[in-house]
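Keep the model open while reading.

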Amino acid sequence: MSGYDVIVVGGGHAGVEAALAAARLGCSVGLITIDSHSIARMSCNPAIGGLAKGHLVREIDALGGFMGVAADSTGIQFKMLNKSKGRAVWSPRAQIDKRAYEAFVQKHLTSIRNVDILQSEVKDILLTRQNVSGVVLSSGETLSCRSLVLTCGTFLNGLIHVGARKIHAGRMGEEASDGITESLVSLGLRSGRLKTGTPPRLNRETINWSAMKKIYGDHDPRPFSFSTQTFSPPNEPCHIVNTHPLVHELILNNLHLSPIYCGEIKGVGPRYCPSIEDKVVRFPDKASHHIFLEPEWSGSNQIYTNGFSTSLPEAVQLAALQLIPGFEKVSFFRPGYAIEYDFFFPSQLSGALQSKDVSGLFLAGQINGTSGYEEAAAQGLVAGANAANLVLDREPLSFSRDQCYIGVLIDDLVTKDTREPYRMFTARAEFRLLLRHTNADLRLSEIGHQAGLVPDASYELFLKKASLLSSILSDLSQTAASAATTNQLLSSVLESTVNGSTTLSTLLKRPVVSLNLLQDFGLFNTASFPLPPMPLQDVLDEVETSIKYAGYIKQQQIQVARLKRNDQTTIPRSFDFLSCRSLSSEAREKLSLIRPETLGQASRISGVSPSDVAALSVLLVS
């Protein structure tokens with residue numbers, strides 16, 4: 001029986017990062033996918049990043065992942081979101097040429113010498129004394145492995161709905177995967193059913209573009225990857241149009257034909273990415289909803305209708321769209337559809353994304369109940385690295401909530417046992433001021449390099465940036481402006497004046513004072529510092545943020561220190577929660593089901609009260 005150190009099942013964004021991470025740590029990797037041409041396919045929206053998701057991409061990059069590099073190389077429009085709000089929630093996003101993206105990733109993946117891409121389907125999982133030992137393929141062939149990473153996306157018993165029509169598929173035009181769910185359930189894992197959806201793809205030639213508003217990206221775009229040294233991407237426009245009450249009325253009149261509302265779909269859908277049917281039902285006071293028209297690749301005739309996800313019959317979808325100005329003669333390349341698929345409750349996993357009951361079994365991506373390319377890729381990187389660490393007999397790689405959004409994501413999954421598709425938001429991170437997209441490398445590159453994930457060349461770039469940042473901060477704190485110059489500057493922005501000289505860092509603490517303003521008054525000059533091997537503005541943003549928010553950052557660091565004690569108190573795997581009568585009955589039930597690894601995890605489980613945590617802390621030391 002031939003085999004590999006690590007087998008990764010599924011070639012989506014989780015599978016790609018898992019395979020690359022395991023290979024980077026020196027393991028032989030077999031990546032098994034039903035269709036090798038669909039590896040890294042962007043099956044839903046043609047975009048990477050967005051609110052909080054952009055943070056995840058930058059963290060993946062800081063840990064040696066590939067998503068940011070691929071997005072920088074294939075993006076057709078880049079934009080920083082949330083710039084009207086605090087810097088902690090600024091989030092990079094890019095429209096992507098999805099054909100170029102998958103080709104770029106596939107080319108890179110095939111260049112990795114210790115990764116084999118196998119076009120097949122896994123039907124069963126082999127165990128030896130509760131340890132993963134291999135897989136059985138649809139051909140009947142068996143492959144051995146010491147670690148197995150399942151990243152099956154929406155393919156597990158996938159069922160597509162378009163009105164009353166049902167199609168067994170993993171995505172439109174691609175086969176579903178059968179057998180893995182049954183195999184995992186036979187091993188004792190609990191499964192559920194979720195639903196997601198996608199909008200129609202429209203024919204560009206049938207749209208009246210004069211009725212649409214153009215939306216461009218930033219004129220000074222920022223890359224995702226910290227290793228991107230020169231960056232001048234295209235800035236292709238997207239467009240926006242609105243629905244109106246007549247559209248909503250038609251949808252409501254045909255609601256009985258939607259499988260979501262007539263009871264055909266049993267799986268729970270995404271709360272934060274609702275279908276157009278959900279929007280008109282849940283928000284009856286809204287006279288219109290935005291629809292964003294996004295090209296699926298550069299020069300594409302196929303347009304993604306962001307904001308109009310639906311599973312209504314094709315004729316109803318078309319009739320509703322044709323009521324919108326500019327869509328009077330529109331036609332489809334493909335209708336929108338909903339898809340139901342199996343997932344496994346992620347509380348059955350450790351923080352390393354390994355099964356608590358089956359050694360060597362790792363799960364990542366939508367199989368864990370998440371939505372989105374970025375959430376999947378982040379899990380894939382962690383699962384792939386830890387699958388390799390198990391083979392190499394190393395400590396698992398794990399992250400806390402105060403370290404990164406990846407830590408928030410995984411902690412939420414393994415403690416909150418999501419019952420609906422999980423999507424990352426900045427609001428989920430209680431320490432989001434510490435987790436800025438500009439400092440992802442400062443938080444994680446050292447960890448990634450020590451873990452063997454970040455190559456020396458990328459680490460050298462990180463060290464140069466860190467040194468430059470330190471030099472600028474030191475210079476600003478030690479350089480003072482005279483009272484005359486300071487007051488001239490402050491008066492120009494209608495700020496109150498001061499007596500005596502003031503350091504530049506003190507000036508920067510004022511909300512309206514920026515490094516650009518200091519530069520205009522001759523108080524700061526970037527030419528006096530060595531230019532970094534990455535966009536300078538990224539470094540300057542981090543300088544400003546760390547100065548302006550210094551007081552708030554210090555407060556959050558104090559909060560983190562308090563909470564660390566609970567996260568450092570481990571709970572033995574054999575601990576019997578059910579016998580602890582000092583815990584509430586709900587806490588005993590929840591704790592025995594989820595089996596948290598630390599007291600901190602236990603405190604974040606729904607139904608476990610502060611008094612339960614206090615009682616548990618006493619029991620753990622008694």
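A salt bridge here is a side-chain nitrogen of Lys or Arg within 4 Å of a carboxyl oxygen of Asp or Glu. By that rule, the interface of domain 2 and domain 3 has 1 salt bridge. The model is predicted. A search of the whole structure turns up 25 salt bridges.

**Domains**

**Interface of domain 2 and domain 3**

- The size of an interface is often given as the accessible area lost when the parts come together.
- For domain 2 and domain 3, the buried area is about 620 Å², with 56% of it on carbon and sulfur atoms.
- On the domain 2 side, R222, F226 and Q229 lose the most area to domain 3.
- Together these three residues account for 75% of what the domain 2 side buries.

**Salt bridges**

- Side chains of opposite charge can pair when their charged atoms come close.
- R222 pairs with D541 in a salt bridge, and their closest N and O atoms are 2.6 Å apart.
- R222 is also among the residues of domain 2 that lose the most area to domain 3.
- D538 makes a salt bridge with R58, with 3.0 Å between the closest N and O atoms.
- This second pair joins distant parts of the chain, 480 residues apart.
- D538 sits in helix α16 (residues 536–548), while R58 sits in helix α2 (residues 53–62).

**Cavities**

- How many cavities of 30 Å³ or more does the structure hold? There are 5.
- The largest cavity contains about 60 Å³ of space.
- Its lining consists of R401, D402, E430, F431, V560, L563, K564, D567 and R604.
- By class, that lining has 3 nonpolar, no polar and 6 charged residues.
- The second largest cavity contains about 50 Å³ of space.
- H13, V16, E17, A40, F66, M67, Y101, V105 and A377 line the second largest cavity.
- The lining of the second largest cavity divides into 7 nonpolar, 1 polar and 1 charged residues.
- Two helices, α1 (13–24) and α4 (98–111), each give at least two residues to the lining of the second largest cavity.
- The largest share of that lining comes from α1, with 3 residues.

**Second largest pocket**

- The second largest pocket has a volume of about 910 Å³.
- It is lined by 40 residues, of which S350, G351, A352, E597 and Q601 are the closest to its centre.
- Two or more lining residues come from each of α9 (373–391) and α10 (405–416).
- Which element gives the most to the lining of the second largest pocket? The answer is α10, with 5 residues.

**Surroundings of R146**

- R146 lies in the loop between β9 (142–144) and β10 (147–150).
- Beyond its neighbours within four places in sequence, R146 is in contact with Y4, D5, V132, G360, L390 and V391.
- R146 and F333 are 187 residues apart along the chain, and their C-alpha atoms are 44 Å apart.

Notes. Residues are numbered from 1 along each chain as its sequence is written. This is a predicted model: local features need pLDDT of at least 70, side-chain atom pairs count only at pLDDT 80 or more; totals for chains, interfaces and linings use all residues. Side-chain values use heavy atoms; hydrogens and water are left out. On a 1 Å grid over the protein atoms alone, a cavity is a set of points where a 1.4 Å probe fits but cannot get out, and a pocket is an open set with protein on both sides within 12 Å along at least five of seven lines; lining residues have an atom within 4 Å of a point. Grid points are joined across faces, edges and corners, and a volume is the space filled by probe spheres set on the points. Ala, Val, Leu, Ile, Met, Phe, Trp, Tyr, Cys and Pro count as nonpolar, Asp, Glu, Lys and Arg as charged, and the others, Gly among them, as polar. Helices (H or I, at least four residues) and strands (E, at least two) are DSSP runs, numbered from the N terminus. Buried area is the accessible area (1.4 Å probe) that two parts lose on being put together, summed over both. Contact means heavy atoms within 4.5 Å.
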